[in-house]
Amino acid sequence: MKTTKKGFTLIELIVVIAIIGVLAAILVPTMLGYVKKSKISSANSAAASVYKAINSALTELDEEGIDVGGLWILTWDGHKWGTTADTVTLSTGDVGNLGHEDQLGTDKKFDRKVSNFFEDISKVRAGQAAIKGGSCVALAIATDTTYTGTYPAGIVTTDSYELYEDNTKTALQDAIAVASGEVTVGELTEFKEKKVSAKAYTITNADFNCLRTGAKDKKASDYSKTEKK
């Protein structure tokens with residue numbers, strides 16, 4: 001007596017494919033959300049590590065008798081640290097020797113020390129650090145062209161990360177505002193929900209004054225920037 005093997009009918013196959021499609025539609029966005037959150041967390045964690053490395057380097061330089069005082073914006077270009085046009089000299093009393101050619105640059109003291117405390121600095125694509133009186137008070141780094149991290153943390157989130165894509169200057173300005181007590185992370189998040197264009201930001205003399213004198217009126221940094229169309 002012959003037996004015939006029964007396969008799936010077309011309707012059964014369609015039902016199975018439909019179920020798989022529904023599951024994929026539910027799970028894929030969730031998985032992508034976890035990936036995004038993980039990368040943002042990783043960028044913020046790397047920023048915290050660089051922040052600690054810079055402060056350790058500054059401590060060692062100070063112990064060696066090098067004046068690291070003053071207000072500075074240091075920029076990491078993926079290869080070396082340097083000063084930028086954003087550095088503002090507020091008075092002769094604000095100037096230390098941190099920007100001297102013997103301290104910053106490839107194989108120079110500051111760069112070597114930061115690398116000693118954080119070997120993965122070479123993997124950081126770009127970064128900016130605000131220095132006040134021999135200490136790093138705010139930092140922003142770009143781990144790639146999409147994800148940026150800051151110290152203090154909590155500034156870049158899954159809701160706001162697109163405003164900081166490959167834009168450490170914007171992230172640093174916000175980190176300065178939070179570090180100085182000018183705004184809280186919560187207030188900054190509320191502001192970001194207005195979709196202000198990241199391109200409108202610059203590091204200004206007001207930001208340096210904020211660092212120099214401590215927390216000021218919350219309107220001091222002029223958050224009325226150009227709104228995104």
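Let me begin with a definition: a residue is buried if its relative accessible area is under 20%, exposed if over 50%, and partly exposed in between, using a 1.4 Å probe and protein chains only. By that definition, buried residues make up 41% of the 229 residues in this protein.

Hi everyone, and a quick word on where the numbers come from. This is a predicted model, so local features need pLDDT of at least 70 and side-chain atom pairs count only at pLDDT 80 or more, while totals for chains, interfaces and linings use all residues. Residues are numbered from 1 along each chain as its sequence is written, and side-chain values use heavy atoms, with hydrogens and water left out.

Now the overall layout. The protein has five helices and five strands; these are DSSP runs numbered from the N terminus, H or I with at least four residues for helices, E with at least two for strands. Reading from the N terminus, the order is α-β-β-α-β-β-β-α-α-α. As for contacts, meaning heavy atoms within 4.5 Å, residues 24 or more positions apart supply 68% of those with a separation of 6 or more.

Let's go to the sheet. In what order do the five strands sit? The open sheet reads β2-β1-β3-β4-β5, with antiparallel pairing, where two strands pair if DSSP finds at least two bridges between them. At the edges are β2, residues 81–83, and β5, residues 148–151, each pairing on one side only. On average, neighbouring strands are turned by 20° against each other, direction ignored. For the angles I quote, axes are lines fitted to C-alpha atoms, for helices over the stretch in contact, and values run from 0 to 180 degrees between N-to-C directions.

Let me walk across it from the β2 side. β1, residues 71–76, pairs with β2 over three antiparallel bridges. In that pair, L74 is bridged to T83, and W76 has W81 as its partner. The two strands form a hairpin with four residues between them, and G78 in the turn has a positive phi of about 100°.

On to the next pair: β1 and β3 are joined by six bridges, again antiparallel. Here I73 stands opposite A130, and T75 has Q128 as its bridge partner. Both strands are mostly covered, with five of the six residues of β1 buried and six of the seven in β3.

Then β3 and β4 run antiparallel with seven bridges. Q128 turns up again here, with A140 in β4 as its partner. The hairpin of β3 and β4 has two residues between the strands, and G133 takes a positive phi near 55°.

One residue I'd like you to click on is V68, in the loop between α1 (10–63) and β1. Why does V68 count as buried? Because its relative accessibility is 4%. Beyond its neighbours within four places in sequence, V68 contacts L58, L61, D62, L98, I131, G133 and G134; G133 is the glycine with the positive phi in the hairpin of β3 and β4. The C-alpha atoms of V68 and S135 are 8.3 Å apart, although 67 residues separate them along the chain.

Last stop, the largest pocket. On a 1 Å grid over the protein atoms alone, a pocket is an open set of points with protein on both sides within 12 Å along at least five of seven lines, whereas a cavity is a set where a 1.4 Å probe fits but cannot get out; lining residues have an atom within 4 Å of a point. The largest pocket has a volume of about 160 Å³, that being the space filled by probe spheres set on the points, with grid points joined across faces, edges and corners.

Which residues line the largest pocket? They are W76, G78, H79, W81, T106, D107, D111, R112, V114, S115, I121 and S122. Helix α2, residues 109–117, gives the largest share of the lining, four residues.
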